[in-house]
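I opened my notebook to record what I looked up, entry by entry. The structure comes first, and my notes follow.

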Amino acid sequence: MFFLTVFLRIYRIEGKFNFNAEYNYKLWPIKEIVYDKKIRLIGIEAVSYLHHLHYPPLALYIFAPVLYLGKANPLSIEVALIFLNGITSILIFYLGAKLFGLKTGLFAGLIYALSFFVQRADRFIWVVGPLLFFTVVYLIAVNEIFGKKKDTLLLFFLLGAIVGIALNFHFQAAAFVFVTLMLVFFNYSLKNALKSLTAFFLGVAFLI
């Protein structure tokens, strides 16, 4: 599953690469971190005329070493994302098999690996792309906590950390916060819910 996913996205990648405004918008601040030593503490705005925060800077810090090791080749980040896609396909297979059986897991993983639309989106350097990876990781963690009743404060902290790092890629990950709130209040007493959510939000704050 991993190698199939990676191969379908990396095959003839040079011919499919398209350096456009979205690439420039993401790569320029990463270039400033690596080569100009301009460390960002807030993040980047959506565009210069909107003046609102697009996403926090941790995503830039994660991509910066990749660009440096790739000697400023913009394809280096795209290749790194493709290998992340390979991991995502395995996690989708694992989650599907765990919840619904082996055939369902295999079918779900193959849909992700083979879809032309998903392949195109996965190769594109944008902050929304990795959210699919974080979504699957979040669902696996939720299943461990609520499905298996492993509701320790440490696990809630780790769940919050997953959401925190996902928020650094796009604020759409705020949906994870609302889902967690509903799951906690539906499954626990008020006292236990407050304890669990305290650990959860500490995890979010730790990586945001």
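**Salt bridge**

I looked up charged pairs and found that the side chains of Lys 31 and Asp 36 meet in a salt bridge, at 2.7 Å from N to O. The rule I used asks for a side-chain nitrogen of Lys or Arg within 4 Å of a carboxyl oxygen of Asp or Glu, and by this rule the count comes to one salt bridge. Lys 31 is partly exposed, at 21% relative accessibility, and Asp 36 is partly exposed too, at 34%; buried means under 20% relative accessible area, exposed over 50%, and partly exposed in between, with a 1.4 Å probe and protein chains only.

**What I am reading**

I note that this is a predicted model, in which local features need pLDDT of at least 70 and side-chain atom pairs count only at pLDDT 80 or more, while totals for chains, interfaces and linings use all residues. Residues are numbered from 1 along each chain as its sequence is written, and side-chain values use heavy atoms, with hydrogens and water left out.

**Helix pair**

I then turned to helix 5 (residues 75-100) and helix 6 (residues 102-114), whose axes come within 6 Å and cross at roughly 155°. Helices here are DSSP runs of H or I with at least four residues, numbered from the N terminus, and axes are lines fitted to C-alpha atoms over the stretch in contact, with angles from 0 to 180 degrees between N-to-C directions. Helix 5 and helix 6 are therefore roughly antiparallel to each other, a label for angles over 145 degrees.

Notes
Helices (H or I, at least four residues) and strands (E, at least two) are DSSP runs, numbered from the N terminus. Angles under 35 degrees count as roughly parallel, over 145 as roughly antiparallel, 65 to 115 as roughly perpendicular and the rest as oblique.
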